[in-house]
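Dear colleague,

I am passing on the structure we discussed, and my notes on it follow below. Please read them with the model open beside you.

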Amino acid sequence: MTPGAAVVPVLAYHRIGVPPAGALHPDTYVHPRAFARQLLILKALGYQAIAPADYARLRLGLPCAVPRKPILITFDDGSSTVFSEALPLLRRHGFSAALFMVASRLGRSAVWDGEAEDADHRQLTAGELRALRSEGWVIGSHSVTHARMTSLTPERRADELIQSKKTLEAAVGAELDWFAYPYGAFDSGLRDAVSRAGYRIAFATEDGDGDLFSVPRRIIGGRAGLFKFLRRLHQAGRLARK
Ligand SMILES: [Zn+2]
């Protein structure tokens with residue numbers, strides 16, 4: 001974090017909904033009621049969502065509007081529940097967010113690495129991404145295939161970065177320069193590749209170093225009761241001071 005700049009905790013969600021029976025990763029679902037409660041807690045604690053575009057400007061040292069107690073909310077993968085469940089709740093509080101989309105799964109089921117992950121669960125369509133964008137959301141890339149990119153060759157890394165950027169730019173009809181590492185996995189070579197591919201900011205998870213290409217985020221998983229959520233929020237604040 002730039003010395004003197006506002007500290008902005010960053011939260012990372014995946015899906016807002018009830019996990020279907022047999023879900024492989026039930027912890028990626030936050031119940032809509034729990035999510036609504038978390039937003040009320042944020043509000044009660046005085047947090048206001050910083051507009052994602054302002055967050056980028058803040059990190060780049062450009063003029064921007066920063067709330068008194070800012071927080072950035074992000075979603076990884078591109079579940080359609082972000083549109084159906086999260087958007088109306090966030091809108092109610094005047095919050096916008098950032099969404100990192102797996103480019104090969106537009107409007108299709110979530111299948112990573114050849115392995116079915118809750119295959120009946122639809123991902124966002126291009127139209128839904130455009131609708132989010134029109135409400136002040138930033139759409140970023142989360143690679144083409146959701147591969148663990150640290151185990152890929154330099155050529156495949158570049159492919160994941162460049163092809164996803166192209167596909168998603170065509171889908172939303174705008175330039176796209178935010179990236180989130182699948183599984184939060186990055187290394188110094190990958191960080192350079194992200195920058196070379198034309199991205200301006202990249203998000204990791206708890207292991208992020210705090211610079212522009214590995215912004216740390218605290219994942220908010222499914223079984224987060226009130227106490228757990230408050231603890232994770234506190235951890236997010238600590239990560240933001242890195
Ligand atoms: Zn992911």
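How many of the 8 residues of strand 5 are buried? Before the answer, two remarks on the basis of these notes. This is a predicted model, in which local features need pLDDT of at least 70 and side-chain atom pairs count only at pLDDT 80 or more, while totals for chains, interfaces and linings use all residues. Residues are numbered from 1 along each chain as its sequence is written.

In strand 5 (70-77), 8 of the 8 residues are buried, so the strand is largely enclosed by the rest of the structure. Here a residue is called buried if 20 or more other C-beta atoms lie within 10 Å of its own, exposed if 12 or fewer, and partly exposed in between, with C-beta atoms placed from the backbone. Helices (H or I, at least four residues) and strands (E, at least two) are DSSP runs, numbered from the N terminus, and two strands are said to pair if DSSP finds at least two bridges between them.

Strand 1 pairs with strand 5 in the parallel sense over 4 bridges, and within that pairing L11 stands opposite I73, while A12 stands opposite T74. T74 also stands opposite A98 in strand 6, a strand that runs parallel to strand 5 and is joined to it by 4 bridges. Strand 4 likewise runs parallel to strand 5, with 2 bridges between them, and Q48 stands opposite P70 there.

Strand 1 (residues 10-13) sends V10 and A12 one way and L11 and Y13 the other way, and all of these are buried. Strand 1 is also joined by 2 bridges to strand 12 (residues 218-219), which runs parallel to it, and A12 stands opposite I219 in that strand.

A51 and helix 2

A51 lies in the loop between strand 4 (48-49) and helix 2, and it is buried, having 22 other C-beta atoms within 10 Å. Leaving aside residues up to four places away in sequence, A51 touches S96 and G136, where contact requires that the C-beta atoms, placed from the backbone, lie within 7 Å.

In helix 2 (residues 52-59), the buried residues are P52, D54, Y55, A56 and L58. Their cover includes strand 5, strand 6 (98-101), strand 9 (138-141) and strand 11 (201-203). After helix 2 comes G61, whose phi is positive, near 75°.

Helices 5 and 6

Helix 5 (residues 154-172) packs against helix 6 (residues 188-196) at an angle of about 40°, and their axes are 10 Å apart. That makes helix 5 oblique to helix 6, since angles under 35 degrees count as roughly parallel, over 145 as roughly antiparallel, 65 to 115 as roughly perpendicular and the rest as oblique. The axes are lines fitted to C-alpha atoms, for helices over the stretch in contact, and angles run from 0 to 180 degrees between N-to-C directions.

R157, A158 and L161 in helix 5 meet L190, A193 and V194 in helix 6. By class, this contact has 5 nonpolar, no polar and 1 charged residues, counting Ala, Val, Leu, Ile, Met, Phe, Trp, Tyr, Cys and Pro as nonpolar, Asp, Glu, Lys and Arg as charged, and the others, Gly among them, as polar.

With best wishes

Notes: Contact = placed C-beta atoms within 7 Å.
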